[in-house]
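Biologist: Thanks for sitting down with me. Could you walk me through this model, starting from its contacts?

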Amino acid sequence: MFKILLTICLVLVSVNAKPQIKEALSDEAEKVKHTAESAVSEIAGVLEGCKGKTHTLLDSEKDACAVLYDHSHCRDEKIVVNVGYTELSFRDRNDVESVLVKKGCTLTLYDEASNDVNKRGLSYIVSAVGKDAAFGKTLSGHSELESRAESVDCKC
Ligand SMILES: [Ca+2]
Ligand SMILES: [Ca+2]
């Protein structure tokens, strides 16, 4: 879309403008183009946020099992959970939007928190079993418990 507008703009400029104006406009267009390209690569960086993501604690701590993030694409870390069952603090509940699971481990997210597994409601599993690196996933929608998890169970 931007490129089309830019093209139209440049065509109009080249048809009508005097040489000096044409040059000035062309400089402006170059700047706008550069800004737009930076924005595009920044967005791409965010969207690829979980890809190839690592975490020092997942690499160094034997018990560290998964990282929970406040936002999509593994942005804004909330907590690192260890192997076993963890109830999220009230601050972190219904707020997790992406996760990074240590290679060889499996994270189960639950809609509710309860010592009784049958009372935890809907669950969603993110598995990094068979992966050769940590596996990140953006939770998307109701069934993947986007911003809904209140407890997690992590196994390796
Ligand atoms: Ca959030
Ligand atoms: Ca919930």
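Modeller: Gladly! Among contacts in the chain between residues at least 6 apart in sequence, the share joining residues at least 24 apart is 66%; a contact here means C-beta atoms, placed from the backbone, within 7 Å. This is a predicted model, where local features need pLDDT of at least 70, side-chain atom pairs count only at pLDDT 80 or more, and totals for chains, interfaces and linings use all residues. Residues are numbered from 1 along each chain as its sequence is written, while chains are lettered from A and ligands numbered from 1 in the order in which they are written.

Biologist: Which pattern does the chain follow along the sequence?

Modeller: Helices (H or I, at least four residues) and strands (E, at least two) are DSSP runs, numbered from the N terminus. The chain has three helices and eight strands. Read along the sequence, they give α-α-α-β-β-β-β-β-β-β-β.

Biologist: How many residues of strand β1 are buried?

Modeller: Buried means 20 or more other C-beta atoms within 10 Å of a residue's own, with C-beta atoms placed from the backbone. Across the 156 residues of the chain, 24% count as buried. Strand β1, residues 64-71, is mostly covered, and of its eight residues the buried ones number six.

Biologist: Which residue in β4 is the bridge partner of Val-67?

Modeller: Strands pair if DSSP finds at least two bridges between them. β1 pairs in the antiparallel sense with β2 (residues 75-82) over six bridges, and with β4 (residues 98-101), also antiparallel, over four. In β2 the bridge partner of Val-67 is Val-80, and in β4 it is Leu-100.

How values were computed. A residue is buried if 20 or more other C-beta atoms lie within 10 Å of its own, exposed if 12 or fewer, and partly exposed in between; C-beta atoms are placed from the backbone. Two residues are in contact if their C-beta atoms, placed from the backbone, lie within 7 Å.
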